[in-house]
Structures are given as structure tokens and as C-alpha cells.
Amino acid sequence: MADLLDDDEISDRLPAGWEREGDEIVRTFEFDSYLEGVGFAAGAGGLAEEAFHHPELTISWQEVEVRLTSHEEGGITDQDVDLAERFNELAD
Ligand SMILES: C[C@H](O)[C@H](O)[C@H]1CNC2=NC(N)=NC(=O)C2=N1
């Protein structure tokens, strides 16, 4: 079980492009086509399985919204921040 991050830790550790919304961190990734977004979501799913930590993914036209929270801990932990950073690398 990872420890919950406090407000300052969350602010300090938010990866580029991500925002905090309550107990979640959120980023909407933009793509040139719908299928590029679908491909990103598939890759993100693989990273999630690897980490065994799963985001909420919403695929729409040329965008994928990613929401991360640690359900068991009831808030934001290092697992969320670390996976968010990996999603950023995947999108680059
Ligand atoms: C039993 C529990 O669902 C598993 O331990 C994992 C699966 N993936 C998960 N993903 C997220 N985001 N939070 C969790 O607490 C979590 N728990």
C-alpha cells in the first residue's frame, strides 16, 4: 500500500500537463486522429497492467482523458504520479 501524498507533495510532483481534481490527477492528451488516441489508450493500458495500477480512460475524437487515483488508499499516491509520468513519455 502506498502512502497518500499531502497537498504540497501533490503540487510539487504533478507531471507536466496534469492537474489535480480532488482525489484524482487528470490530463487530456490530444492527437491528430481518433485512431492515434485509441493506440495511446492501448499503450496506456499495457503500462497500467505492468504497474497493476489502473486509470480511467475516456477516448473521444482526437482526445483521451486520463484520470488516476489510488482507490484502495482513497486518494493520490506515488503510484498515480509515477504512472502519469510514464503516460507522458508514451505520448511524447
Ligand atoms: C484489488 C485492487 O483492485 C488491486 O489491488 C488494484 C488494481 N488496480 C488499481 N488501480 C487503481 N487506480 N487503484 C487501486 O487501488 C487499484 N488496485
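**Entry 1: the core.** Which residues of the largest nonpolar core touch the most other members? I looked this up in a predicted model, where local features need pLDDT of at least 70, side-chain atom pairs count only at pLDDT 80 or more, and totals for chains, interfaces and linings use all residues. I number residues from 1 along each chain as its sequence is written, and I note that side-chain values use heavy atoms, with hydrogens and water left out.

I found that W18, F29, F40, V66, L68 and F87 touch the most other members of this core, which has 18 residues. A nonpolar core here is a set of buried Ala, Val, Leu, Ile, Met, Phe, Trp, Tyr and Cys residues joined through side-chain atoms within 4.5 Å, and buried means under 20% relative accessible area with a 1.4 Å probe, protein chains only. At least two residues of the core come from each of β2 (24–30), α2 (34–51), β4 (63–68) and α3 (78–91); helices (H or I, at least four residues) and strands (E, at least two) are DSSP runs, numbered from the N terminus.

I then followed F40, setting aside its neighbours within four places in sequence, and found F40 in contact (heavy atoms within 4.5 Å) with F29, F31, V64, V66, F87, L90 and A91.

Entry 2: I read the pattern α-β-β-α-β-β-α along the sequence, with three helices and four strands in the chain. The four strands form an open sheet in the order β1-β2-β4-β3 with antiparallel pairing, where two strands pair if DSSP finds at least two bridges between them. The edge strands, each pairing on one side only, are β1 (19–21) and β3 (56–60).

β1 pairs with β2 over three bridges, in the antiparallel sense, and E21 stands opposite E24 in β2. I see α2 packing on the sheet, where α2 touches β2, β3 and β4 and its direction makes about 165 degrees with that of β3; axes are lines fitted to C-alpha atoms, for helices over the stretch in contact, and angles run from 0 to 180 degrees between N-to-C directions. α3 lies across β2 and β4 and runs at about 5 degrees to β2.

**Entry 3: the whole chain.** I noted that buried residues make up 35% of the 92 residues, and that the C-alpha atoms fill a box of roughly 35 × 25 × 20 Å along the principal axes. For confidence, the chain averages a pLDDT of 97, and 99% of the residues score at least 70, on the predictor's scale from 0 to 100 for each residue.

Notes:
Buried < 20%, exposed > 50% of the residue type's maximum accessible area, 1.4 Å probe, protein only.
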